[in-house]
Amino acid sequence: MNEDLKQDNMLVLKVLIGHGATRYCYLHPDKDDKCVKILKKSNNIQIMKRELQTYLNVKSTLNDLLPEYENTLVKTDKGMGVVCELLKDDDGQLSKPIFYYIKDGKVDEDIISELYYFVYQLMEHDLYFYDFNLKNFVIQIKNGHKKLKYIDLKSYDNNKSWTFLKLEKIFDPLAKIIMQRRLQRLFKMLGIENK
C-alpha cells in the first residue's frame, strides 16, 4: 500500500467550481471548506505528489499567500485528487480571481500591496514560479481586507520554456530573469507600473 494515498472511501465529485488548462476543481463532497483538484487528461500521481511536496517546501515562506493543502492524495471517481482549502469571502461566497478586481484598467492599492509582498517573498527566498496567469491569483476578502492567494503550485521550478538544456534549473540568475519577465507581464495586465 502507498502511504501517500488516503485510505478512506472513494470521493464522488459532483460540483465543478472551476478549471484551468490542466486541472478541474470540485467542491469536496464531505467538507464544505475544502475543494479537490484533479488532472484533466492524466492521472499521473507523480504530478500531484510533486505539488504536495512543493507545498511542504514553500508553505513556511508563502503560508499566508497559499490555500492550505491536506498532506495526502485522495481517491475520487475521477482519478486521484489533491485536497486543499476552499477560498471563501466573509460573506460565504467563493473568492474571486484577481481579474474580477480590475477596474478602469488596473487593480486597487490594496491588491498592489499584496502583489508586491508576494513578489518580495519569491525574490527574497529564491522561489522560482513561472505560471502567473490571472486565474492563478484569487483575492479573498477576510475580515474586510483583500488577501492575495496564489493557487497554482505546479509551476514551481518547472519552467516550460523551449530551452533545450533548461539552464534555468541549474543557473539561478537565469531562473530569476525568466520569472521577473513573467511577473512584469502580470503587472502590465493588472495596470501596475513596474518599479
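**Close-up views of a predicted model**

View 1. Over residues 1-7, pLDDT stays under 50. The model has 13 contacts beyond four places in sequence for this stretch. Residues 159-165 also keep a pLDDT under 50. Here the model has 9 contacts beyond four places in sequence. Where pLDDT is low, the predicted coordinates should not be read in detail.

**View 2. Confidence across the protein and its elements.** Mean pLDDT is 87 for the protein. A pLDDT of 70 or more is reached by 87% of the residues. Which element has the highest mean pLDDT, and which the lowest? Strand 8 (residues 145-150) is highest, at 98. Helix 3 (residues 172-189) is lowest, at 88.

**View 3. The aromatic pair of Tyr100 and Tyr101.** The whole structure holds 12 aromatic pairs. One of them joins Tyr100 and Tyr101 in an edge-to-face arrangement. The ring centres are 5.3 Å apart, with 80 degrees between the planes.

**View 4. Two lysines over the ring of Tyr100.** Lys96 lies over the face of Tyr100, 5.0 Å from the ring centre. Lys103 also lies over the face of Tyr100. Its distance from the ring centre is 5.4 Å. The ring of Tyr100 also takes part in the edge-to-face pair with Tyr101.

View 5. Why does the pair of Phe132 and Phe137 count as stacked? The ring centres are 6.3 Å apart and the planes meet at 25 degrees; planes under 30 degrees apart count as stacked. Both phenylalanines are buried. Ring pairs tie Phe132 and Phe137 into a cluster with Phe118, Phe129, Tyr150 and Tyr156.

View 6. Where is Pro67 found? Pro67 is in the loop between helix 1 (45-62) and strand 4 (69-76). With a relative accessibility of 2%, Pro67 counts as buried. Neighbours within four places in sequence aside, Pro67 is in contact with Tyr55, Glu85, Leu87, Lys149, Tyr150 and Ile151. Pro67 and Lys34 are 33 residues apart in sequence. In space, their C-alpha atoms are 9.8 Å apart.

Note on methods
Residues are numbered from 1 along each chain as its sequence is written. This is a predicted model: local features need pLDDT of at least 70, side-chain atom pairs count only at pLDDT 80 or more; totals for chains, interfaces and linings use all residues. Side-chain values use heavy atoms; hydrogens and water are left out. Rings of Phe, Tyr and Trp (its six-membered ring) pair if their centres lie within 6.5 Å; planes under 30 degrees apart count as stacked, over 60 as edge-to-face and the rest as tilted. Buried means under 20% relative accessible area, exposed over 50%, partly exposed in between (1.4 Å probe, protein chains only). A charge sits over a ring if NZ of Lys or CZ of Arg is within 6 Å of the ring centre and within 35 degrees of the ring normal. Helices (H or I, at least four residues) and strands (E, at least two) are DSSP runs, numbered from the N terminus. Contact means heavy atoms within 4.5 Å. pLDDT is the predictor's confidence in each residue, from 0 to 100.
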